[in-house]
Amino acid sequence: MMKELKQAVLGFEESLRVDKDGRPAETEADAWQRFCETLTKAVDAVLAKQRIGFYDDTMMVMLKVRYCKKKDYALCSLRDGFCGVYDLCLRVLLDGRHVHIVYTEYWDSRTPPTYTVRDVVVREPREV
């Protein structure tokens, strides 16, 4: 499963869209939502292909299953920008393990906010 997950999402990148004048054409929330939706679809497709059961969002609410809290690993201030490394719990498997995406968020004066997947990890659940 790990090999397939990594092939599906490792290196995936999503940036804030800008217009031809270099101004943002959407909000950062729109770019974040697009990043998460695309990742979720890719991970769900791999899990379904491997026949690995997971809680969808409706089941999470009904059964009161919780995702792990988003964890910040590193936050770096750059000369004219910012870079952060984060751990996001994307899916909870029926056997209790969690699929985590480790990604970076980067921006500076010349680059719009960009999210890039750096690793995929399947973990035992953490305390919430």
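## Aromatic rings and paired strands

Phe35 and Tyr103 are both buried. Please keep in mind that the model is predicted.

- Phe35 and Tyr103 make a tilted aromatic pair, with 5.6 Å from centre to centre and 55° between the planes.
- Because Phe35 sits in helix α2 and Tyr103 in strand β4 (residues 98-108), their pair ties together parts that are 68 residues apart in sequence.

- Across the whole structure, a search finds nine aromatic pairs.
- Trp32 and Phe35 have ring centres 5.8 Å apart and planes at 35°, so this pair is tilted.
- Helix α2 (residues 28-49) holds both Trp32 and Phe35, which are three residues apart, about one turn of the helix.
- Trp32 is partly exposed, at a relative accessible area of 25%, whereas Phe35 is buried, at 0%.
- One aromatic cluster is formed by Phe12, Trp32, Phe35, Tyr86, Tyr103 and Tyr115.

**How the strands pair**
- His100 has Val121 in β5 as its bridge partner.
- Strand β5 (residues 114-123) also pairs with strand β1 (residues 13-15), in the antiparallel sense and over three bridges.
- Tyr115 in β5 stands opposite Glu14, and Tyr115 is also one of the residues in the aromatic cluster.

Key:
Residues are numbered from 1 along each chain as its sequence is written. This is a predicted model: local features need pLDDT of at least 70, side-chain atom pairs count only at pLDDT 80 or more; totals for chains, interfaces and linings use all residues. Side-chain values use heavy atoms; hydrogens and water are left out. Rings of Phe, Tyr and Trp (its six-membered ring) pair if their centres lie within 6.5 Å; planes under 30 degrees apart count as stacked, over 60 as edge-to-face and the rest as tilted. Helices (H or I, at least four residues) and strands (E, at least two) are DSSP runs, numbered from the N terminus. Buried means under 20% relative accessible area, exposed over 50%, partly exposed in between (1.4 Å probe, protein chains only). Two strands pair if DSSP finds at least two bridges between them.
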